[in-house]
Amino acid sequence: MASEHGSSLTITVEQVRLRVMPTAEDLYSFMSTTRSIRRLRDTPIPDDVLHRVLQAAIWAPSGGNRQPWRIIAVRDRELKQKLSDIYVEEWAKYIDFNMKKVEGASADIIEAVQKGLSTGTKLAETLADVPVVAMFVHDPKALYVTDEGLGRAPVVGGASLYPAVQNLLLAARAEGLGGVLTTLIASRESDVRDVLGFPNDWGVYAMVPLGYPRGNHGPLTRAPFDQMVKFDRWS
Ligand SMILES: Cc1cc2nc3c(=O)[nH]c(=O)nc-3n(C[C@H](O)[C@H](O)[C@H](O)COP(=O)(O)O)c2cc1C
């Protein structure tokens, strides 16, 4: 649209809308490309960007709005190295577990599994180089657990915790950052507590290394819609 001041400086209403109004397509695009990014640059994350993705985590819902979790955003290299030392050990166990599963398989399959795991090994070994390691800790006493005593592992407690992780990962994606939800370090919470100093009655539930990706944000591999969603009844 031209104006009396010349067309080059004129912004149409539609352009303003496109600049300031997020669309559903934007959100779906971020959601459908928020994959695990394990290859991260050591480029620092600007404070304002980091603040926004951490704020996004706080917007997550929790049972009774208790918000029974905190993030410790670890930037100190020495502390990150200590977390790396712990995570390397747990990752090594995870590799053993996966390699045992493919014992006796063809060389192609073994090689593919090894290749898949090698990115995780690199991440574990270089965790100190990642600009921010977000450690998610929780207060187990404050969880609403509505599925105890059913003869299976209760899962509802975690529903007050993990939405914050996904909010952070989606915000990170929108900011051009990448990360990965990891949980293997959770079994070592007393060691993590020694490093980060959170209260004795709090636990670890996720660790998210966060930084600018070396690879691309990418399409996800997921089961088809009809397999995952049922309308009205199971069959
Ligand atoms: C509950 C949970 C625990 C996970 N733990 C780890 C982990 O400890 N280390 C890791 O490298 N990835 C971990 N992942 C990432 C998954 O391996 C990954 O999300 C999955 O393979 C799908 O890949 P994508 O995110 O790239 O689509 C975890 C994911 C979830 C949801």
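Let's start at Tyr87: a polar side-chain atom of this residue sits 2.9 Å from a nitrogen atom of the ligand. I'm calling that a polar contact, meaning a pair of N or O atoms within 3.5 Å; within protein, one must be able to donate a hydrogen and the other to accept it, and residues adjacent in sequence count only if both atoms are side-chain atoms. Please keep in mind that this is a predicted model, where local features need pLDDT of at least 70, side-chain atom pairs count only at pLDDT 80 or more, and totals for chains, interfaces and linings use all residues. Residues are numbered from 1 along each chain as its sequence is written, and side-chain values use heavy atoms, with hydrogens and water left out.

Arg38 places a polar side-chain atom 2.8 Å from a ligand oxygen atom, while Thr183 uses a backbone N or O atom, 3.0 Å from an oxygen atom of the ligand. On its own the ligand exposes 620 Å², and the protein buries 60% of that (accessible areas by the Shrake-Rupley method with a 1.4 Å probe). The surrounding residues, each with a heavy atom within 4 Å, include Arg35, Trp91, Leu184 and Arg222. By class, that shell has six nonpolar, three polar and three charged residues. Here Ala, Val, Leu, Ile, Met, Phe, Trp, Tyr, Cys and Pro count as nonpolar, Asp, Glu, Lys and Arg as charged, and the others, Gly among them, as polar.

Now, the helices. The chain has eight helices and four strands, taken as DSSP runs (H or I, at least four residues, for helices; E, at least two, for strands) numbered from the N terminus.

How do H4 and H5 cross? The axes of H4 (residues 77-101) and H5 (residues 107-125) come within 9 Å and cross at roughly 170°. Axes are lines fitted to C-alpha atoms, for helices over the stretch in contact, with angles from 0 to 180 degrees between N-to-C directions. That makes the two helices, H4 and H5, roughly antiparallel, a label for angles over 145 degrees. Among the H4 residues that meet H5 are Tyr87 and Trp91, with contact meaning heavy atoms within 4.5 Å.

H4 also packs with H7 (residues 189-196), at an angle of about 170° and with axes 10 Å apart. H4 and H7 are therefore roughly antiparallel too. Leu79, Lys82, Leu83 and Ile86 in H4 meet Asp191, Val192, Val195 and Leu196 in H7.

Notes:
Angles under 35 degrees count as roughly parallel, over 145 as roughly antiparallel, 65 to 115 as roughly perpendicular and the rest as oblique.
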